[in-house]
Amino acid sequence: MPAEYFEARERALLGERSDTLYAAPQETAARGVTVSALRTTPEGFAARADFPLRPSPFCKAAFVVEQPDFKPGRHPYHHAGVFYSQEPSASSAAPLLGVKPGMRVLDLCAAPGGKSSQLAAALQGQGLLVSNEYVAARAESLKSNLERMGVSNAVVLNETPARIAAALLEFFDRVLVDAPCSGEGMFRKHEEACSEWSPENVELCAKRQDSVLDEAAAMLKKGGRLSRCTKRLHRSITPISAPAAALRMILRTPLPMTTCGSPAVTRWKMPKHRTTPCLPSLLTLRTLTACWKCPMISCTAEWATAEPIFLMYRLR
């Protein structure tokens, strides 16, 4: 797709925030580390760290590293599993699930393992974590990272969501879905993300995400919670956006579901006691569009790739 067309399309969707968001990819991506509670506390880590850092606004266990040439993979704390290196915003999804020790938790698209390591830390060695990755090579990386982080109660799978759902129907208390997406949030990190983008790929990703979310919902226990996150640049209800995927899932599923945004998102909810799909009113769609706000839509360019997150609850 011509860059001019893409930019015009996105600017029309972003409106007054477009300049801020378009400036961010020109800057160096913020570096961050997330501390594992299986190894130490955030306070203990901050007191002993030998590189400059400050607390992250996205997660209590995460820090922004204020050293441009920082090489996390070479640090002893990395090899000891004390921290996991990830962009600050990426650490925001897992804590929203409210995982407690003893729960059964599924990370359905888990590689390379940053969010899984956070879920494992929340479990504190009690309960079960199932971390799945469909791509075999990435599943190996996932396994290696969880071993390094000292996770002892995880099962790493290399399976399709459908096969897992067939075996573990209504099994999990919490489900995290970081499904493959069109990846606009990765433009400033990987040049290939720009070259691979196309409207056709967006539609393909949307269909894939719908399938993954359907299987994820089938594995959620009554009263369970599902979190879905993505790397999108804007708040529009496009096929791949978080609110759009959440809305389509609610319309498809026969289960009584409700949704709300993350604490950074203006809260809204769909009808609580539906047992059959129903079309939302035009007012609901307009309200959803107006309410969709997240850290990446703020005026702080540093957080322009924050991950929009939607939570879904199975009511009964």
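**Reading burial, strands and cores**

Biologist: Cys205 is listed with a relative accessible area of 2%. Does that make Cys205 buried or exposed?

Modeller: This is a predicted model, and the cut-off decides. Buried means under 20% relative accessible area. Cys205 has 2%, so Cys205 is buried. Cys109 is buried too, because its 15% also lies under 20%.

Biologist: How many disulfides does the structure have?

Modeller: A search of the whole structure finds 0 disulfides.

Biologist: Which residues of helix α9 are buried?

Modeller: Start with the general idea. An α-helix has 3.6 residues a turn, so residues three or four places apart point the same way. Now the case here. The buried residues in α9 include Val202, Cys205, Ala206, Gln209, Val212, Leu213 and Ala216. Helix α9 covers residues 199-218 and has 20 residues. From first C-alpha to last, α9 reaches 29 Å, close to the 28 Å expected.

Biologist: How do I read strand pairing, and what are the partners of β8?

Modeller: Strands of a sheet pair through backbone hydrogen bonds, either parallel or antiparallel. Strand β8 runs parallel to β5 (residues 104-107), joined by 3 bridges. Strand β8 also runs parallel to β9 (residues 220-229), joined by 5 bridges. At the level of residues, Asp107 has Leu176 in β8 as its bridge partner, and Arg174 stands opposite Arg225 in β9. Strand β8 (residues 172-177) is mostly covered, with 6 of its 6 residues buried.

Biologist: In what order do the strands of the open sheet lie?

Modeller: The order is β2-β3-β1-β4, with antiparallel pairing. The edge strands are β2 (53-55) and β4 (83-85), each of which pairs on one side only. Direction ignored, neighbouring strands of this sheet are turned by 30° against each other on average. Strands β1 (residues 31-35) and β4 pair over 3 bridges, and the bridge partner of Val33 in β4 is Ser85.

Biologist: Which residues have the most contacts inside the largest nonpolar core?

Modeller: They are Val99, Val105, Leu119, Leu123 and Leu129, in a core of 19 residues. Helices α5 (114-123) and α6 (136-148) each give two or more residues to this core. The largest share, 3 residues, comes from α5. Apart from this core lies another, of 16 residues, among them Val130, Val177, Leu213 and Met219.

Biologist: What does Leu129 touch?

Modeller: Not counting residues up to four places away in sequence, Leu129 touches Val105, Ser116, Leu119, Ala120, Leu123, Asn153, Ala154 and Val155.

Conventions. Residues are numbered from 1 along each chain as its sequence is written. This is a predicted model: local features need pLDDT of at least 70, side-chain atom pairs count only at pLDDT 80 or more; totals for chains, interfaces and linings use all residues. Side-chain values use heavy atoms; hydrogens and water are left out. Buried means under 20% relative accessible area, exposed over 50%, partly exposed in between (1.4 Å probe, protein chains only). Helices (H or I, at least four residues) and strands (E, at least two) are DSSP runs, numbered from the N terminus. Two strands pair if DSSP finds at least two bridges between them. The expected span of a helix is 1.5 Å times one less than its number of residues. Axes are lines fitted to C-alpha atoms, for helices over the stretch in contact, and angles run from 0 to 180 degrees between N-to-C directions. A disulfide is a pair of cysteine sulfur atoms within 2.5 Å. A nonpolar core is a set of buried Ala, Val, Leu, Ile, Met, Phe, Trp, Tyr and Cys residues joined through side-chain atoms within 4.5 Å. Contact means heavy atoms within 4.5 Å.
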